[in-house]
Amino acid sequence: MKRSQFDCAPGCPVELTLGLIDGKWKGVILYHLQDGPLRFGELRRRLPGITQRMLTKQLRALEQDALISRAVFAEVPPRVEYALSPSGHSLRPVIDALKAWGERHQGASQRTVVAAEPAIS
């Protein structure tokens with residue numbers, strides 16, 4: 001997967017970070033790997049909306065960006081586990097902050113919908 005070159009404009013570090021965890025699935029994959037290594041099938045079960053092809057593509061991109069590691073065990077059938085790399089672990093505060101913000105935002109938007117509904121008499 002080809003990566004963009006980033007100039008050193010003021011927003012460059014933010015652009016770099018968002019470029020590494022962009023898309024619908026990478027952040028969610030990193031979130032689930034915070035609890036420890038997972039096999040492909042376990043990840044797929046935790047992400048019911050993702051296709052096998054997309055999960056493979058996202059895992060390869062995260063591995064290429066050194067955010068996760070892939071361990072292959074010499075067994076029959078071969079066992080493959082994905083885990084956060086040290087760089088991936090360093091994103092934990094970012095992922096946790098995104099989760100916390102999402103929970104707050106989800107709660108606020110639900111309160112707004114309830115408040116906007118007219119009372120039935």
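Student: In helix H6, how many residues apart are glutamate 103 and lysine 99, and what does that come to in helical turns?
Tutor: This is a predicted model, so keep that in mind throughout. Glutamate 103 and lysine 99 sit 4 residues apart in helix H6, so about one helical turn separates them. They form a salt bridge, with the closest N and O atoms 3.0 Å apart.

Student: Which residues do salt bridges with shared partners join into one network?
Tutor: Glu75, Arg79 and Glu81. One link in it is glutamate 81 to arginine 79, where the closest N and O atoms are 3.0 Å apart.

Student: How many salt bridges does the count come to?
Tutor: The count comes to 5 salt bridges.

Student: OK, zoom out. What's the pattern along the sequence?
Tutor: The chain reads α-α-β-α-α-β-β-α-α. Its secondary structure comes to 6 helices and 3 strands.

Student: In what order do the strands sit in the sheet?
Tutor: S1-S3-S2. The sheet is open and its pairing is antiparallel. The edge strands are S1 (38-39) and S2 (68-73), each of which pairs on one side only.

Student: How many bridges join S1 to S3?
Tutor: There are 2 bridges between S1 and strand S3, residues 79-84. These strands run antiparallel. Arginine 39 stands opposite glutamate 81 in S3. Glutamate 81 also has that salt bridge with arginine 79.

Student: Which strands does H2 lie across?
Tutor: S1, S2 and S3. H2 runs at about 95 degrees to S3.

Student: What about histidine 32? Where is it found?
Tutor: In helix H2, residues 26-33. Histidine 32 has a relative accessible area of 15%, so it is buried.

Student: What does histidine 32 touch?
Tutor: Leaving out residues up to four places away in sequence, histidine 32 touches Leu38, Leu43, Arg46 and Leu47.

Student: New topic: backbone. Which two residues does a cis peptide bond join?
Tutor: Valine 76 and proline 77, with omega about -5 degrees. Proline 77 lies in the loop between S2 and S3. Most peptide bonds are trans.

Student: What's phi for alanine 66?
Tutor: Near 65 degrees. That is a positive value in a residue other than glycine. Most residues other than glycine have a negative phi.

Student: And where is alanine 66?
Tutor: In the loop between H4 and S2. Alanine 66 is partly exposed at 39% relative accessibility.

Student: Is aspartate 65 buried or exposed?
Tutor: Buried. The relative accessible area of aspartate 65 is 16%, so it falls under the 20% cut-off. Aspartate 65 is found in the loop between helix H4 (52-64) and S2.

Student: How far is aspartate 65 from glycine 88?
Tutor: Their C-alpha atoms are separated by 9.4 Å, and the two are 23 residues apart along the chain.

Student: Last bit, whole-chain numbers. What percentage of residues count as buried?
Tutor: 26% of the 121 residues. Of contacts with a separation of 6 or more, 47% come from residues 24 or more positions apart.

Student: And what does the accessible surface come to?
Tutor: About 8500 Å². Carbon and sulfur atoms account for 58% of that surface.

How values were computed
Residues numbered from 1 in each chain as written. Predicted model: local features only at pLDDT ≥ 70, side-chain atom pairs only at ≥ 80, totals over all residues. Heavy atoms only, no water. Buried < 20%, exposed > 50% of the residue type's maximum accessible area, 1.4 Å probe, protein only. Contact = heavy atoms within 4.5 Å. Pairing = 2+ DSSP bridges. Axes fitted to C-alpha atoms, helices over the stretch in contact; angles between N-to-C directions. Salt bridge = Lys/Arg side-chain N within 4 Å of Asp/Glu carboxyl O. Areas by Shrake-Rupley, 256 points an atom, 1.4 Å probe, with all protein chains shown as cover.
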